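Please open the model in a viewer and keep a selection tool at hand. The stops below are meant to be taken in order.

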Amino acid sequence: MPVTQIEDQDQFTQLTTIDVQEKLISLYFHTNWAEPCKQLNQIYQVISDDPSNKDISFLAVDADALNDIAELFEVSAVPYFVLIHNGTILKEISGADPKEFVTVLDECKKYIANPTTTNDQEEDEEENAVEEQESEEQINEKLIKLTNAAPVMLFMKGSPSEPKCGFSRQLVGMLREHQVRFGFFDILRDNDVREHMKKFSDWPTFPQLYINGEFQGGLDIIKESLEDDPDYFQHTIQQQ
């Protein structure tokens, strides 16, 4: 069936919760600026037109235009795929390898036909949870060091020269526009930092900005601060 390009939150809700009809849902997150997406857009359409996939709902989401949906699935880079069935995420894939996507798509189709849950999977999840709990104090110490690594620290997706999301790109632009020297940390390179940073900052999304070790906020808060005080960066750095 043809790919449906999601235009807004209401359409997304309609196609993923109301008009599901027991179908496997394939979400493809892309952006206009990401080179890997340009070729993959056509491949995704070809896969959706395969008669063997006629019972799958193929949806495409512009991760920049509909960032709320992208953040909901914690999309950290594009291309990114999420496969859902009956409200449960079966698989998530990051990358532009169409063969990997087709392989995982077939696995999900087989799983739906013969759903199983193994004790080994449950035991692995419990072990991972214990390991995470044991290392929480160590990770918090790491986060304290990272937030103080430079007077101004930006925790972003990608790097200043190659941001991996529109919001990170905007905040980098603001810092450069105001001639602020800053350090950065690519949260895509360290999943532990990425996940624990949300709790550490009490802030669910990225980018996140720290000045002198103090959390300042995400993109929207920094925008508002600059609107209220065009010299916000300089004043905050001096005050702290």
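The tour covers a pair of helices and then a series of salt bridges.

**Stop 1: the helix pair**

The model on display is a predicted one. Begin by selecting residues 35-49, which form helix H2, together with residues 98-113, which form helix H4. Two packed helices are described by the angle between their axes and the distance between the axes. For H2 and H4, the angle is about 30° and the axes lie 11 Å apart. Angles under 35 degrees count as roughly parallel, and H2 and H4 are therefore roughly parallel to each other. The crossing of the two helices is right-handed.

**Stop 2: the contact between H2 and H4**

Which residues of H2 meet H4? Show the side chains of Leu40, Ile43, Tyr44 and Ile47 on H2. Their counterparts on H4 are Pro98, Phe101, Val102 and Leu105. Colouring this contact by residue class gives eight nonpolar residues, with no polar and no charged ones.

**Stop 3**

**Stop 4: Lys54 and Asp55**

How many salt bridges does the structure hold? There are nine. For another of them, select Lys54 and Asp55, where the closest N and O atoms are 3.6 Å apart. Exposed residues have a relative accessible area over 50%; Lys54, at 54%, therefore counts as exposed.

**Stop 5: Glu162 and Lys164**

Next, select Glu162 and Lys164, which form a salt bridge with a distance of 3.1 Å between the closest N and O atoms. Glu162 is partly exposed, its relative accessible area being 48%. Lys164 is likewise partly exposed, at 29% relative accessibility.

**Stop 6: a salt-bridge network**

Finally, select Arg194, Glu195 and Lys198 and display their side chains. What joins these three residues? Salt bridges that share partners link Arg194, Glu195 and Lys198 into one network.

Methods:
Residues are numbered from 1 along each chain as its sequence is written. This is a predicted model: local features need pLDDT of at least 70, side-chain atom pairs count only at pLDDT 80 or more; totals for chains, interfaces and linings use all residues. Side-chain values use heavy atoms; hydrogens and water are left out. Axes are lines fitted to C-alpha atoms, for helices over the stretch in contact, and angles run from 0 to 180 degrees between N-to-C directions. Helices (H or I, at least four residues) and strands (E, at least two) are DSSP runs, numbered from the N terminus. Angles under 35 degrees count as roughly parallel, over 145 as roughly antiparallel, 65 to 115 as roughly perpendicular and the rest as oblique. A crossing is left-handed if the near helix is turned anticlockwise from the far one by less than a right angle, and right-handed if clockwise. Contact means heavy atoms within 4.5 Å. Ala, Val, Leu, Ile, Met, Phe, Trp, Tyr, Cys and Pro count as nonpolar, Asp, Glu, Lys and Arg as charged, and the others, Gly among them, as polar. A salt bridge is a side-chain nitrogen of Lys or Arg within 4 Å of a carboxyl oxygen of Asp or Glu. Buried means under 20% relative accessible area, exposed over 50%, partly exposed in between (1.4 Å probe, protein chains only).
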